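Good morning, and thank you for coming. Please look at the sequence and the structure on the screen while I speak.

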Amino acid sequence: MKKFITLFAMATLSTVLLASCSSKDEVVKEDKIASDEKVKDKDENKDKEKTLKVAMVTDSGTIDDKSFNQGTWEGIKKYEADHNIETQYLKPEGETTQHYMSAIHNLVDSGYEMIITPGYKFEEAIYEAQEIYPDIKFTIIDGNPHAGDYVPDIAENTSSIFYSEHEAGFYAGIVSALESNTRSLAFIGGMEMPAVQKFGWGFTAGAAYANEVYGTAAKVTDYIYEGSYDNVAGGKTLAASLYDSGVDIIFTAAGGVGVGVIDEGKTRRASGNDIWVVGVDIDQFEDGKYNNEDSVILTSAVKELGNSAYDSIDSVINGTFEGGKSLIFDSKNNGVGLSSSDEYLSEKTKEAYEVAFEKVTNGTIVVPSSVYELEAFLEDHGYTTPSGVEY
Amino acid sequence: MSEDSIKRISPLISIILGLLLGYLLLLLVGYDGNSGFKYLFQGGIKGITEGKYRRIGDTLAQMTPLMLTGASVAFAFRTGLFNIGASGQMLFGGFVAVLVGITVDLPPVILPLVATLLAGVAGGLYGFLPGYLKAKYNIHEVVIGIMMNYVSVYLVQYLVKILIPGKYVIESAHIPKEASLKMSFISNIFRGSPLNAGFFVGVIALIVIYVILEKTTFGFELKAVGFNKDAAKYSGMKVNKNIIYSMMISGCLAGLAGATFYIGYTNHIKLGTVPTLGFDGIAVSLLGKNSPIGIFFSSFLFGYLKNGGSFMASSTDIPRELVDIVIAIIIYFSAISFVIEKFLNKLLVKMKKEGK
């Protein structure tokens with residue numbers, strides 16, 4: 001009997017401990033993700049509007065991953081703060097199409113009418129789901145639904161969202177060329193996939209453009225695909241050898257490899273080296289902090305995931321949802337650009353960015369989005385590719 | 001109340017206790033326990049009365065590999081062995097199934113069956129080594145089992161990369177539809193659910209091990225080794241041979257679990273991780289009291305909770321992490337049902353004494 005009492009006491013105690021832990025987690029989460037919505041209170045027109053139940057399925061990683069998941073979710077939360085919708089996110093049990101499918105099934109069973117999924121991994125799941133649930137609206141970011149054969153098949157109730165990464169890369173290239181002291185830049189990509197390649201092509205074009213217009217004489221001397229998105233140590237080593245060879249700004253579009261590059265950058269910058277990293281996808285300023293104030297991130301080439309989620313929800317509510325096709329987010333609709341953390345940029349650089357953004361938006365400059373276009377662009381701008389660099 | 005009936009009801013009591021504590025936890029943290037549990041219960045079967053069998057299909061699909069890993073662990077337990085390597089055997093078996101599915105050309109229906117059988121054989125071979133080392137050198141099977149899990153992860157990663165690389169580095173190539181255990185006659189009834197022929201593989205395997213353990217001399221010998229190795233040896237049984245056989249059969253069951261998961265539930269292998277289903281199998285087997293019938297029901301409970309838990313997370317504002325904790329508590333209590341059993345037995349003895 002005594003033993004049992006002890007056991008029971010332990011069980012109760014551990015329950016309380018667990019409970020306090022998780023409640024703390026909860027508070028942190030609320031603070032982090034929904035801080036902006038707390039400020040807003042229910043205004044009148046909120047009740048008049050149509051309600052919609054919007055849900056998101058997370059990709060690998062958590063909702064506060066400082067990347068795809070968080071970016072998308074913040075857009076959804078922002079819409080919730082402005083309008084009358086119900087939101088929810090669900091983390092799948094695993095990372096296969098089947099796991100994604102059961103997350104979608106669960107959300108539909110719970111009454112959600114619109115489902116947003118960030119990342120190419122959802123392509124096959126959305127392909128299945130769009131057929132099973134013709135009344136549900138789906139939005140997939142950075143991917144096209146397909147049946148496992150990579151032939152896009154977008155149903156009327158689905159819209160897929162892509163970004164003009166080359167334009168974001170272009171701005172990053174201009175800024176880097178203007179801010180570089182050694183005139184030697186580098187690009188590190190993850191795998192050779194369109195979303196990554198376009199960043200690199202744009203980056204090179206940006207440097208060429210800056211050279212012609214502002215006489216910066218910068219070159220992208222190293223152009224590397226690491227081959228993965230998770231080799232943190234590899235990114236660190238690569239960055240170290242690049243900085244040693246005289247590169248002072250590295251633009252990385254490579255997930256975890258980029259984390260390694262930022263790590264190496266932090267160490268060097270903390271010890272007084274004048275080097276920079278250009279971040280990708282979202283504003284990576286915070287990730288690049290090596291003390292309380294200073295970051296190694298010069299700027300970030302961002303895709304406005306939140307904006308596209310916001311607009312997508314808005315289109316469903318207003319009945320203007322464009323299903324059956326891919327939507328492109330570029331400079332024209334503020335889908336890509338540089339991050340708002342611009343304290344390290346000189347006035348001249350900021351102005352150059354604004355001018356270039358204007359020119360791209362009104363079509364004066366067409367940023368190359370393929371190797372052929374890039375080669376033509378470089379020739380037009382009198383840029384000779386350094387030996388050993390292949391795009 | 002007899003000791004026998006205590007043995008029967010103690011798992012039920014522990015499940016109820018687990019549910020209660022999970023419910024209390026939700027209240028403690030400040031969530032609506034009633035709606036949470038409503039969705040937890042609904043989630044496993046919702047729609048069954050309206051002729052929509054998807055959710056129950058989901059539950060059965062979640063249950064399928066657990067039935068087999070549970071059986072795998074239980075079979076080893078019955079012989080006095082602790083097969084903690086079920087995860088590794090499952091992954092290796094699953095790899096063979098995927099490999100066969102992609103590379104071998106056979107007519108549909110036959111192909112997935114051949115792949116499944118070969119997965120069982122592969123799992124059995126993978127279980128041979130821990131069994132052999134245990135029998136020959138008396139090296140503890142838990143140590144080897146854990147190490148073999150790592151070996152399995154990296155071996156499969158290597159083999160996938162050279163034999164069946166996928167489009168992305170983190171996964172294998174996908175099997176063609178004809179190689180999948182998802183067969184149309186099941187999918188048509190349970191529309192939209194991943195339920196597949198693996199479920200029948202699991203049920204048949206449970207029946208087979210029931211027959212082996214309860215109706216054959218071989219099974220009797222295995223159990224005898226489990227009860228008392230020395231006595232078994234003294235009565236002329238080949239203890240070492242039986243240990244190896246037992247580990248191989250256990251591995252075979254885990255390999256089958258791999259087939260039902262990798263060519264049934266999903267269609268490719270994610271690299272770099274060991275499937276946790278092998279470890280869940282330990283809890284399934286404990287709750288099922290190591291008996292095939294018990295495992296059938298306990299794996300059903302696990303599948304139900306997994307499926308219901310997801311529904312609870314999607315229908316309420318209870319965060320996924322908390323849902324997982326609640327389910328872990330329920331499972332935790334279920335798995336320690338022997339404590340409840342002991343307690344009830346003591347109570348029984350006491351009551352009898354007082355009665356006298």
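Axes here are lines fitted to C-alpha atoms, for helices over the stretch in contact, and angles run from 0 to 180 degrees between N-to-C directions. Helices are DSSP runs (H or I, at least four residues), numbered from the N terminus. This is a predicted model, in which local features need pLDDT of at least 70 and side-chain atom pairs count only at pLDDT 80 or more, while totals for chains, interfaces and linings use all residues. Residues are numbered from 1 along each chain as its sequence is written, and chains are lettered from A in the order in which they are written.

I begin within chain A. Helix α3 (residues 68-82) and helix α10 (residues 305-317) of chain A cross at roughly 40°, and their axes come within 7 Å. α3(A) and α10(A) are therefore oblique to each other, a term for angles that are neither under 35 degrees (roughly parallel), nor over 145 (roughly antiparallel), nor 65 to 115 (roughly perpendicular). Residues in contact, meaning that their C-beta atoms, placed from the backbone, lie within 7 Å, include A:F68 and A:Y79 of α3(A) and A:L305 and A:I313 of α10(A).

I turn now to a pair between chains. Helix α4 (residues 97-109) of chain A packs against helix α13 (residues 292-315) of chain B at an angle of about 55°, with the axes 9 Å apart. That makes α4(A) oblique to α13(B). Among the contacting residues are A:L107 of α4(A) and B:F311 of α13(B).

Finally, the domains, whose bounds come from an automatic or database domain assignment. In chain A, domain 1 covers 44-163 and domain 2 covers 165-302 + 337-380. Their C-alpha centres lie 30 Å apart.

Conventions:
Helix = DSSP H or I, 4+ residues; strand = E, 2+ residues; numbered from the N terminus. Contact = placed C-beta atoms within 7 Å.
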